[in-house]
Amino acid sequence: MSTAGTGITMASMSTYAILGCGSVGHAVAEELVAEGKDVHIIDADEGRVEALRDQDLDARQADIRDEAVAEAVADRDVILILSSDVEANAAAVENIRGRGDDQYIVARASDPVSADDLTELGADVVINPSAVIADSALRALESGELEYKARQLTDVIAETDGKLAIRIHRSPDPDSIASAAALQTIAESLDVEATIIYDGEIGHQENRAFVNLLGIELVAGGEVDPAEYGTVALVDHAKSGEAESEVDADIIIDHYEHEHEHDVAFADIRPNVSATSTILTKYIQELDQTLEENVATALLYGIRAETLDFKRDTTPADLTAAAYLYPFADHDTLEQVESPSMSPETLDVLAEAIRKRQVQGSHLVSNAGFIRDRDALSQAAQHLLNLEGITTTAVFAIADDTIYLAARSKDIRMDIGKILEDAFGDIGEPAGHSTDATAEIPLGIFTGIEVSEDNRETLLELTEEAVTKKLFQAMGVEGGESNNGG
């Protein structure tokens, strides 16, 4: 940081003046002197000045309002005006700036109004001790709360009779998988065996590459015996599309609120962070866990995936968690996860989605026909978002008598998750975020026609017309301009 017009960096500044040396000024003076800085103190209280001199500090008595004080500190690099008298501080700032000198000024305020006044008078930095103390108190509270919650969590896990079942997002995404792997690490440190259990499929090539490259073991729900598990944890489970009210749990950790009440021994639900991986990283830090490289890599990718590489709803907690994980992660593996090869079917689905696209304004909707690999829809929706002028995409197709839909948006005014909820919430299962969402809709319910081999093409035509219309209406537009975006 450089002071304006002087070319002096803060690191090179060595001469300081402190005007007003009460408790705040005294603490600053001691710190600066300990760092070897040349500090000159001016205070109106004669007794205080004498006490400072007794401590071998360079101090003299004067009223900091006097113009002579501004002249006396003209040779100082930095001036800290720290009196508890805000009017005196304002006068000192005004006198110093009135001389036309260009020292770096730090001034003490008492409230937001006086802070604005001091800034207008020319202070470079304004501090409010009350706000600093409040911020420090909140940080201490946050730290204490995390310590308390970590103790609660480990107590519940340690009391497990049998194994710990970690149930995650249906058709799990990186945030779910990484969070579960971190909780598994915590459980193992307590000598409790834990199994990560999922339902549905591990879709999307990135997700499959994520699991395979990092060697994270997941077990399908149908392959486990519930009787083996004395404790059940729901991790990043709220938006899974599963009937969570039917799942008995002892532990819940999530960054989304759950729609149903759960009577659990431990819950940590934080909608104020963007990834469950962030929450588990905080526990790993608090418990001073040794992180295996694959778990650190998974957590870092979980945060990055959930925040779209820190471009979506990123909070300071997400950033500090990522910064902590960064040196422990395998970045070559991360690059492989983020750049999986595209399967021939995905390429076919993308080509069909491009050919059949309908565009209204900056919104694109496309029917990819009949598919086998539902994962291809998500990749098609993401790739189509790169088309010029397009801010929102939705690609749908039919597989196994179900309409599957993937949507993406980079329009900050639009919540694509809510769009799908408005369009299909009464007949299907939408799930997702403001920028990334999916929906599954039973084909028969949607069309009102019983599905058979003889009428599949008819159903496809009906589906294309109805889904496209409902999507454009939910987006606030009437219908497609063309089938090629022209």
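Contact means that heavy atoms lie within 4.5 Å. The model is predicted: local features need pLDDT of at least 70, side-chain atom pairs count only at pLDDT 80 or more, and totals for chains, interfaces and linings use all residues. Residues are numbered from 1 along each chain as its sequence is written, and side-chain values use heavy atoms, with hydrogens and water left out.

**Exercise 1.** Find where Thr435 is located, and state whether Thr435 is buried or exposed.

Solution. Step 1: Thr435 sits in the loop between β17 (429–432) and β18 (436–442); strands are DSSP runs of E, at least two residues, numbered from the N terminus. Step 2: buried means under 20% relative accessible area, exposed over 50%, partly exposed in between (1.4 Å probe, protein chains only). Step 3: Thr435 counts as buried because its relative accessibility is 15%.

**Exercise 2.** List the residues that Thr435 touches, not counting residues up to four places away in sequence.

Solution. Step 3: for Thr307, compare two separations from Thr435: 128 residues in sequence, and 9.8 Å in space, C-alpha to C-alpha.

**Exercise 3.** Give the strand order of the open sheet with 6 strands, and name its edge strands.

Solution. Step 1: two strands pair if DSSP finds at least two bridges between them. Step 2: the order is β3-β2-β1-β4-β5-β6, with parallel pairing. Step 3: β3 (58–61) and β6 (125–127) are the edge strands, each pairing on one side only. Step 4: as an example of a bridge, Tyr16 has Val39 in β2 as its partner.

Conventions:
Helices (H or I, at least four residues) and strands (E, at least two) are DSSP runs, numbered from the N terminus.
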